[in-house]
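Work through the exercises below with the model in view. Try each task before reading its solution.

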Amino acid sequence: MKTKDILYRNLFIGIFFILGGMLWLSLYYENLLGKLLSGFFIIFGIFISINSYRKWKRGEELEAPTDERSELNLLRASRAGFLFLYLSISLLFALFGLRLINEIIFTALMGPVFAVASVLFFLSFYRYEKAG
Amino acid sequence: MRTRIKELRARYDLTQEELAKKVGVRRETIVFLEKGKYNPSLKLAYDIAKVLKSNIEEVFIFEEES
């Protein structure tokens, strides 16, 4: 990816977070947690945008380049996360089909399953990067 | 597999960072290569050998497992 493309991508992500934060604020302005979260999103979006633009102006690297070794580690790490996700969702469908869990539990467990799969992916990637 | 990357790097006064930049990889990859913890692709092995002005066989030494 060219440097300017990375800059545009980061600016787009920043604007997305800013707009998302503003939308969140408009929906949950009465709630303290809602205000805090929306503030976090807006500040995060501003930070990403300004930081990327500053780095681009200085001619610095906008993201750490991936090479063959880190790409291989990414692939190996995604296998761990994907396997967990696949098996967990299969199990949930089986339990739902056998009426051992209802729709509410089925839906509620989807979030944690994705969260655990993501954590597994990051932990695996960290482990592979450490090992070489 | 063991490598002579560190020895050849010293000969040409190259840091790990400089060598990594020349062959288009991260510095960590050079570190793992020198430790023998990573087997490079043929292309990467060739690029490293070219920068170090040697043949692949002179840079990467494969030892038979006994």
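Helices here are DSSP runs of H or I with at least four residues, numbered from the N terminus. The model is predicted.

**Exercise 1. Where do D47(B) and K43(B) lie, and how many residues apart are they?**

Step 1. Find the helix. D47(B) and K43(B) both lie in helix α4 of chain B, residues 42–51.

Step 2. Count along the chain. The two residues are four apart, about one turn of the helix.

Step 3. Look at the side chains. D47(B) and K43(B) meet in a salt bridge, with 2.8 Å from N to O.

Step 4. Check accessibility. D47(B) has a relative accessible area of 19%, so it is buried. K43(B) is at 56%, so it counts as exposed.

**Exercise 2. Which parts of the chain does the pair E34(B) and R9(B) link?**

Step 1. Side chains of opposite charge can pair when their charged atoms come close.

Step 2. Read the distance. E34(B) and R9(B) form a salt bridge of 2.6 Å, N to O.

Step 3. E34(B) sits in helix α3 (residues 27–35) of chain B, and R9(B) in helix α1 (residues 5–11) of chain B. They are 25 residues apart, so the pair links distant parts of the chain.

Step 4. Classify each residue. Buried means under 20% relative accessible area. E34(B) is at 18%, so it counts as buried. R9(B) is at 10%, so it counts as buried too.

**Exercise 3. Which residues are linked with R26(B) in a network of salt bridges?**

Step 1. Start in chain B. The side chains of E28(B) and R26(B) meet in a salt bridge of 3.5 Å, N to O.

Step 2. R69(A), E129(A), R26(B) and E28(B) are linked in a network of salt bridges.

Step 3. E28(B) has a relative accessible area of 32%, so it is partly exposed.

**Exercise 4. How many aromatic pairs does the structure hold, and is the pair of F121(A) and F122(A) stacked or edge-to-face?**

Step 1. Take the total. There are twelve aromatic pairs over all chains.

Step 2. Begin with W24(A) and Y28(A). Their ring centres are 5.2 Å apart and their planes make 45°, a tilted pair. W24(A) is at 34% relative accessibility, so it counts as partly exposed. Y28(A) is at 39%, so it is partly exposed as well.

Step 3. Turn to F121(A) and F122(A). This pair is edge-to-face, with 5.2 Å centre to centre and 65° between the planes. F121(A) is at 22%, so it counts as partly exposed. F122(A) is at 56%, so it counts as exposed.

Step 4. Look for a group. F16(A), F17(A), W24(A), Y28(A), F40(A), F41(A) and F44(A) form one aromatic cluster.

Step 5. Look for a charge over a ring. The charged end of R127(A) sits over the ring of Y128(A), 5.0 Å from its centre.

**Exercise 5. At what angle do α2(B) and α4(B) pack, and is their crossing left-handed or right-handed?**

Step 1. Locate helix α2: residues 16–23 of chain B.

Step 2. Read the geometry. α2(B) and α4(B) pack at an angle of about 120°, with their axes 10 Å apart.

Step 3. Name the arrangement. That angle makes α2(B) oblique to α4(B), because roughly perpendicular covers 65 to 115 degrees and roughly antiparallel is over 145.

Step 4. The crossing of α2(B) and α4(B) is right-handed.

Definitions and conventions. Residues numbered from 1 in each chain as written. Chains lettered and ligands numbered in written order. Predicted model: local features only at pLDDT ≥ 70, side-chain atom pairs only at ≥ 80, totals over all residues. Heavy atoms only, no water. Phe/Tyr/Trp six-rings, centres within 6.5 Å; stacked < 30°, edge-to-face > 60°. Buried < 20%, exposed > 50% of the residue type's maximum accessible area, 1.4 Å probe, protein only. Lys NZ or Arg CZ within 6 Å of the ring centre and 35° of its normal. Salt bridge = Lys/Arg side-chain N within 4 Å of Asp/Glu carboxyl O. Axes fitted to C-alpha atoms, helices over the stretch in contact; angles between N-to-C directions. Parallel < 35°, antiparallel > 145°, perpendicular 65-115°, else oblique. Left-handed = near helix turned anticlockwise from the far one by under 90°.
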